[in-house]
Amino acid sequence: MAGALVDLHCHLDLYPDPTAAAASCAGSGAYVLSVTTTPKAWRGTLALARGNPRIQTALGFHPQVAHERFRELSLFEAILPETRYVGEIGLDGTPESKPHWREQTRVFERVLQLSERAGGRILTIHSRRAAQEVVDTLARFPGAGKAILHWFTGSKTELERAITAGCWFSVGAPMVSSQRGRAALAAMPRDRVLTETDGPFAMTGDRPLAPAEVARPLEALASTWHCTPLEAQSIIASNLKRLVATEAKVDTLEPYG
Ligand code: MN
């Protein structure tokens with residue numbers, strides 16, 4: 001058995017037709033982590049997952065909106081007990097976002113502190129041009145939960161540090177299309193790798209990737225691991241099972257089932 005497809009980072013609420021995007025997940029039987037970019041978006045995005053326990057919804061606070069949404073931190077705190085998934089969170093060191101670095105770090109630190117106090121969460125993390133800062137910050141909140149670095153584009157040294165720190169990685173099509181990305185795959189511990197789309201932001205040709213459209217990362221992982229794409233899919237599915245099972249401190253919420 002190959003196990004179901006896994007998309008651990010997908011913005012269902014940002015597709016042109018979010019209801020259709022959510023319905024397509026039921027059709028494929030995929031496990032999808034539906035991430036949000038603001039606490040205000042959580043309630044509506046959660047409704048998209050109704051009736052499909054294979055879609056879980058993550059409470060997010062994207063670094064690129066941290067400075068505009070600062071006041072939503074209290075809403076984040078209020079919702080956090082309802083979910084065991086947090087994201088998209090993180091830091092963004094690109095020139096457009098760097099002017100708001102202070103607000104970004106305050107939001108990221110607060111979110112990690114709250115997650116730690118809540119007993120730990122599964123975290124999907126943005127680290128563009130900020131991999132080292134993300135790993136350093138995570139180290140200060142060791143109880144925040146299981147950190148999954150999504151669409152990792154850091155250097156070899158940053159990757160090694162993230163691996164040593166215990167981070168997981170979710171790998172998507174754009175990442176495996178670059179030589180550097182494919183080189184990174186080889187260094188990632190096989191038992192800490194998941195697949196993602198980052199749809200609708202990540203594209204295939206001139207259209208956004210559909211939820212759970214992870215054939216390309218599976219092919220790249222298969223080539224790295226010297227196995228078939230179906231075997232890679234099976235490894236990813238068992239990784240997800242283990243990720244969810246080990247985050248046991250929150251026991252009142254539905255796991256992936
Ligand atoms: Mn994203």
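Two strands are taken to pair where DSSP finds at least two bridges between them, and helices (H or I, at least four residues) and strands (E, at least two) are DSSP runs numbered from the N terminus. The model is predicted, so that local features need pLDDT of at least 70 and side-chain atom pairs count only at pLDDT 80 or more, whereas totals for chains, interfaces and linings use all residues. Residues are numbered from 1 along each chain as its sequence is written, and side-chain values use heavy atoms, with hydrogens and water left out.

An open sheet of three strands shows parallel pairing in the order 1-2-3. Strand 1 and strand 3 (55-57) form the edges, each pairing on one side only. From one strand to the next the twist averages 15 degrees, with axes given by lines fitted to C-alpha atoms and angles running from 0 to 180 degrees between N-to-C directions. Three bridges join strand 1 to strand 2 (residues 31-34) in the parallel sense, and aspartate 7 stands opposite valine 32 of strand 2.

The manganese ion is coordinated at 2.2 to 2.3 Å by His9 (NE2), His11 (NE2), Glu88 (OE) and Asp198 (OD). Donors are N, O and S atoms within 2.8 Å of the metal (3.2 Å for Na, K and Ca); water is not among the atoms, so sites may look incomplete. Along the chain, the donors of the manganese ion follow the spacing H-x1-H-x76-E-x109-D. Histidine 11 belongs to the loop between strand 1 (6-10) and helix 1 (18-28), and aspartate 198 to the loop between strand 8 (193-195) and strand 9 (203-204); the pair therefore ties together parts that are 187 residues apart in sequence.

Serine 115 is located in helix 4 (residues 101-117) and counts as buried because its relative accessibility is 0%. A polar atom of the serine 115 side chain lies 2.8 Å from the backbone oxygen of valine 111. Beyond residues up to four places away in sequence, serine 115 touches Leu80, Val86, Gly120, Arg121, Leu123, Gly143 and Ala144, contact meaning heavy atoms within 4.5 Å.

Notes. Buried < 20%, exposed > 50% of the residue type's maximum accessible area, 1.4 Å probe, protein only. Polar contact = N/O pair within 3.5 Å; in protein donor to acceptor, adjacent residues only side chain to side chain.
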